[in-house]
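Dear colleague,

My notes on what was found in it follow.

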Amino acid sequence: MLVPALFAALLLRCHGFAAVGQGGTTVNTNVDNQLINAWSDGDVVFQESGAQDWRKTISFNVPDDTQVLALLVLNSGGPAAFLLETSTGILSGKRWECTAFPQDQTPSASWLKGMDAADPAVMHEFNGGGAWGRGNGGPIDGISLKARWIWGNEQDDRVACRTRLNIVVKAYVDDDLLAAYTDGQEVNTGSNSDWKVLDEFTIRGDTDVLALNMVDKGWAAGFLLELSNGILSGAQFECVEVTGKEANFATNYIDFLMGKGSFDNPAILGTNGVAPWGHRSGVSKEAEWIWLNSNGSPDRVACRVSLG
């Protein structure tokens, strides 16, 4: 009897596709016209091995902790776009970036890991619309109707596009990180009560707003943060004093957690290395210690940043 992973790999090969490696997150995509390669954080997870029909969904797996998913796609004539959904609900759409790569070029390792610049993907119709829907069989089954057909620039036949499936958050909070929220939903941080120990946790790559609920219990107050997408703690954050019972925080501050309204920018207390905290490993030296006020007040503060 074939084990499920082997059976899936053989099934893909029977359809002319080669899935490289088996992981926990499934990627389903339809490409007009051809998916050449796919990478998870720079590692190949898919290699094309035959002709493709854009109405037939290509499936492959990536590790659950993948940060950057990248595809190299080719158009051989007519409309050019691809549609995608992962088993975790990440969709093709506004969070994707693309770069043209002529026939003799491939994305660099740094590009595949999200470090080199890229242009926002060009948005086309949602699943079921435009050239890929009406008169062409309707929506693609098994992919959300909220997914969009996307591509690079119209004149580019061969492009690589990428998005983040996960973002790693690293933070030092003096004194405690009470909770973290993504788009209003609390996430598991596994945070500790020692400000000298790095808090590290993962959020979804399509998060629009990250918010931290924090408390200071003594003399110095501040937090230092770096996200794996390059965002650092600094002036782009907004902060608010937290009042009332902790149990009611998420309800009382739902607009703040969802990115609504306008709030105060934080006081900048200095870059990583400044006294009294000194250098903290694991976070960029360019990240800044911040709090609502420079005098360490108030004791309870929430700060947010837009990732969209």
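Which pattern do the disulfides of the protein follow, with bonded cysteines counted along the chain? The pattern is 1-2, 3-4. Before the details, please note that this is a predicted model, in which local features need pLDDT of at least 70 and side-chain atom pairs count only at pLDDT 80 or more, while totals for chains, interfaces and linings use all residues. Residues are numbered from 1 along each chain as its sequence is written, and side-chain values use heavy atoms, with hydrogens and water left out.

**Disulfides**

A search of the whole structure finds two disulfides (a disulfide is a pair of cysteine sulfur atoms within 2.5 Å). In one of them, the sulfur atoms of Cys98 and Cys161 are 2.1 Å apart. The torsion about this S-S bond is about 110 degrees, so the disulfide of Cys98 and Cys161 is right-handed. The pair links distant parts of the chain, 63 residues apart: Cys98 belongs to strand β8 (residues 97-100) and Cys161 to strand β12 (residues 158-164). Strands here are DSSP runs (E, at least two residues), numbered from the N terminus. Cys98 is buried at 4% relative accessibility, and Cys161 is buried at 0%; buried means under 20% relative accessible area, exposed over 50%, and partly exposed in between (1.4 Å probe, protein chains only).

Cys239 and Cys303 are also joined by a disulfide, with an S to S distance of 2.0 Å. Its torsion of about 105 degrees about the S-S bond makes the disulfide of Cys239 and Cys303 right-handed. Cys239 is in strand β19 (residues 238-241) and Cys303 in strand β22, so this pair ties together parts that are 64 residues apart in sequence. Both cysteines are buried, Cys239 with a relative accessible area of 2% and Cys303 with 1%.

**Nonpolar cores**

The largest nonpolar core comprises 37 residues, and those with the most contacts inside it are Leu210, Leu212, Met214, Phe223 and Leu225. Such a core is a set of buried Ala, Val, Leu, Ile, Met, Phe, Trp, Tyr and Cys residues joined through side-chain atoms within 4.5 Å. Strands that each supply at least two residues of this core include β13 (166-174), β16 (199-204), β17 (209-215) and β18 (222-227). Its largest share, five residues, comes from β13. Apart from this core lies another, of 24 residues, among them Ala38, Phe82, Cys98 and Val159.

Eight of the nine residues of β13 are buried. β13 pairs in the antiparallel sense with β16 over six bridges and with β18, likewise antiparallel, over six bridges; two strands pair if DSSP finds at least two bridges between them. Val168 has Thr202 in β16 as its bridge partner, and Ala171 has Leu225 in β18. Beyond its neighbours within four places in sequence, Leu225 is in contact (heavy atoms within 4.5 Å) with residues including Val169, Ala171, Leu210, Leu212, Ile231 and Phe237.

**Glu48**

Glu48 is located in strand β4 (residues 43-48) and, at 26% relative accessibility, counts as partly exposed. Not counting residues up to four places away in sequence, Glu48 touches Gln34, Leu35 and Ile36. The side chains of Glu48 and Gln34 make a polar contact at 3.2 Å. A polar contact is a pair of N or O atoms within 3.5 Å; within protein, one must be able to donate a hydrogen and the other to accept it, and residues adjacent in sequence count only if both atoms are side-chain atoms. The C-alpha atoms of Glu48 and Ala38, ten residues apart along the chain, are separated by 9.0 Å.

With kind regards

Conventions:
Helices (H or I, at least four residues) and strands (E, at least two) are DSSP runs, numbered from the N terminus.
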